[in-house]
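This briefing is for a reader who has the sequence and the model side by side. Please read the points below against both, topic by topic.

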Amino acid sequence: MVSPGGGGMSGTLQKSQANAAFVSRIMAHEQLAKILAWRSAETTYIFYNVGRAFVWADYNRKPKEPLSYIVFKEAYVNCHDVNMLTRENMDTIIGFNTGDVMWYSPISGKFSRFNRGGLFNRSSVTCVKWMPGSENMFIAGYEDGSVITYDKEKDDQTFTFPQSDSDSFFVCKPHKNGKHNPASWWQVGRRAITAISFSPDCQHVAVTSMDGTMKVIDYTNERLLDTYRSFFGGLLCVCWSPDGRFILTGGQDDLVTVWAFRGRIVARCQGHHSWVTGVSFDAHRCTDRSYRFGSVGEDTRLCLWDFSVSSLHRPKGSAVQAATARRSRADFDKHTDIVHPVLSRREVALLEPFLSKIIHNEPLFSIVFREDAVVTTDRIGAIRVWARPPTLPS
């Protein structure tokens, strides 16, 4: 874990009185300008949040002393996302337990706040994502089950969200002139949003919730397409395959589940002994016929999985499963919202990991695959980088 606050850091803080009550300090490495001047085009950075701090560090620099970090007075950082389109500015969105969302540039130290002090939503921010392909638009998931779209170039304006007792998907356009935030408000459910993931073509978004559902939404038309349910308990994480054909979820049922986009459940993956908190496809080990993915959980365990649809064992209840698939396809052709039933164990293929290993001392939080390594994090802020084995010459 990188520990901020050592020597070689200098502080700068220029902001309004309102922001002064929110931000405690911004510290930058005293050699930051020189470090950036000498960086290569392939430089990789690590961004992470721990407690009330958000940290920026050089992935390859040793020791991994922070390049900069920002500390907040009372708000705790829950989540963040970095815009891959604006690498020169490193535009970052940060979500807080107060409901605030902040745009922040670690390069310049500039920042601005949205939903300030819970202006239109006082519940905690649980996840944030930049809209792929956009320099301005991003979405935030909240503990009250809402997903709000923001434009970082627009100011906030208060509004009253229409109340509904229904658990059905609901869309509200607060400002018809489009000059203020929020740009859009989705009421996805009544329980906390846990994760958001965009499809590779940027047309669809998968949203998981503590109500045990994953909802697939047409982002462009803001229309709910499919609702999938966990075996039991809440779903905590979600990820699309690189080709957009499959979606992974993990959750409180201790399972990783593979779903076919706009189709049925493909397999349940059994290998964890507690809640699954992070899932990710390994894009560097996926082909057009087979897929590799990894998962981490509160059991401190890393599991690695390989699967191809053609090699999955067809369970005894596959006839029932096929009938469900035919119904789903018919519904899809009618462009209706599909609620997929929860199938029993005998109706779904079961997949076991080819690797299962305890790798941290604390419950794990996330997993990221790089070409050269696998990066894992845990709940107390430890980051571990696992080098891949060397590739044998062909």
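In this predicted model, strands β27 (301-307), β30 (355-358) and β33 (383-387) each contribute at least two residues to the lining of the second largest pocket. By class, its lining divides into ten nonpolar and five charged residues, with no polar ones.

**The cavity**

- The structure contains one cavity of 30 Å³ or more, and the volume of the largest cavity is about 130 Å³.
- Its lining is made up of 15 residues, with Trp259, Ile265, Pro341, Val342 and Leu343 lying nearest the centre.
- At least two lining residues come from each of β20 (223-229), β23 (255-260) and β24 (265-270).
- The lining of the largest cavity comprises seven nonpolar, four polar and four charged residues.

- Strand β22 (residues 246-251) is mostly covered, since six of its six residues are buried.
- In a regular strand, side chains alternate between the two faces of the sheet.
- Both faces of β22 are covered, with Phe246, Leu248 and Gly250 buried on one side and Ile247, Thr249 and Gly251 buried on the other.
- Strand β21 (residues 235-240) pairs with β22 in the antiparallel sense over five bridges, and within this pairing Leu235 stands opposite Gly251 of β22.
- The hairpin formed by β21 and β22 has five residues between the strands, and Gly244 in its turn has a positive phi of about 75 degrees.
- β22 and β23 also run antiparallel and are joined by five bridges, with Ala260 in β23 as the bridge partner of Phe246.
- Three residues lie between β22 and β23 in the hairpin that they form, and Asp254 in that turn has a positive phi of about 65 degrees.

**Nonpolar cores**

- The largest nonpolar core has 23 residues, and those with the most contacts inside it are Val23, Trp56, Ile70, Phe72, Phe96, Met102 and Tyr104.
- Two or more residues of this core come from each of β2 (23-29), α2 (32-37), β3 (45-50), β4 (53-58), β5 (68-72), β6 (77-82), β7 (92-96) and β8 (101-104).
- A second, separate core of 22 residues includes Phe246, Ala267, Phe307 and Leu312.
- When residues up to four places away in sequence are not counted, Tyr104 touches Ile26, Phe54, Ser68, Ile70, Met90, Asp91, Thr92, Ile94, Gly109, Lys110 and Phe111.

- Although His180 and Tyr150 are 30 residues apart in sequence, their C-alpha atoms are 8.7 Å apart in space.

Terms used
Residues are numbered from 1 along each chain as its sequence is written. This is a predicted model: local features need pLDDT of at least 70, side-chain atom pairs count only at pLDDT 80 or more; totals for chains, interfaces and linings use all residues. Side-chain values use heavy atoms; hydrogens and water are left out. On a 1 Å grid over the protein atoms alone, a cavity is a set of points where a 1.4 Å probe fits but cannot get out, and a pocket is an open set with protein on both sides within 12 Å along at least five of seven lines; lining residues have an atom within 4 Å of a point. Grid points are joined across faces, edges and corners, and a volume is the space filled by probe spheres set on the points. Helices (H or I, at least four residues) and strands (E, at least two) are DSSP runs, numbered from the N terminus. Ala, Val, Leu, Ile, Met, Phe, Trp, Tyr, Cys and Pro count as nonpolar, Asp, Glu, Lys and Arg as charged, and the others, Gly among them, as polar. A nonpolar core is a set of buried Ala, Val, Leu, Ile, Met, Phe, Trp, Tyr and Cys residues joined through side-chain atoms within 4.5 Å. Buried means under 20% relative accessible area, exposed over 50%, partly exposed in between (1.4 Å probe, protein chains only). Contact means heavy atoms within 4.5 Å. Two strands pair if DSSP finds at least two bridges between them.
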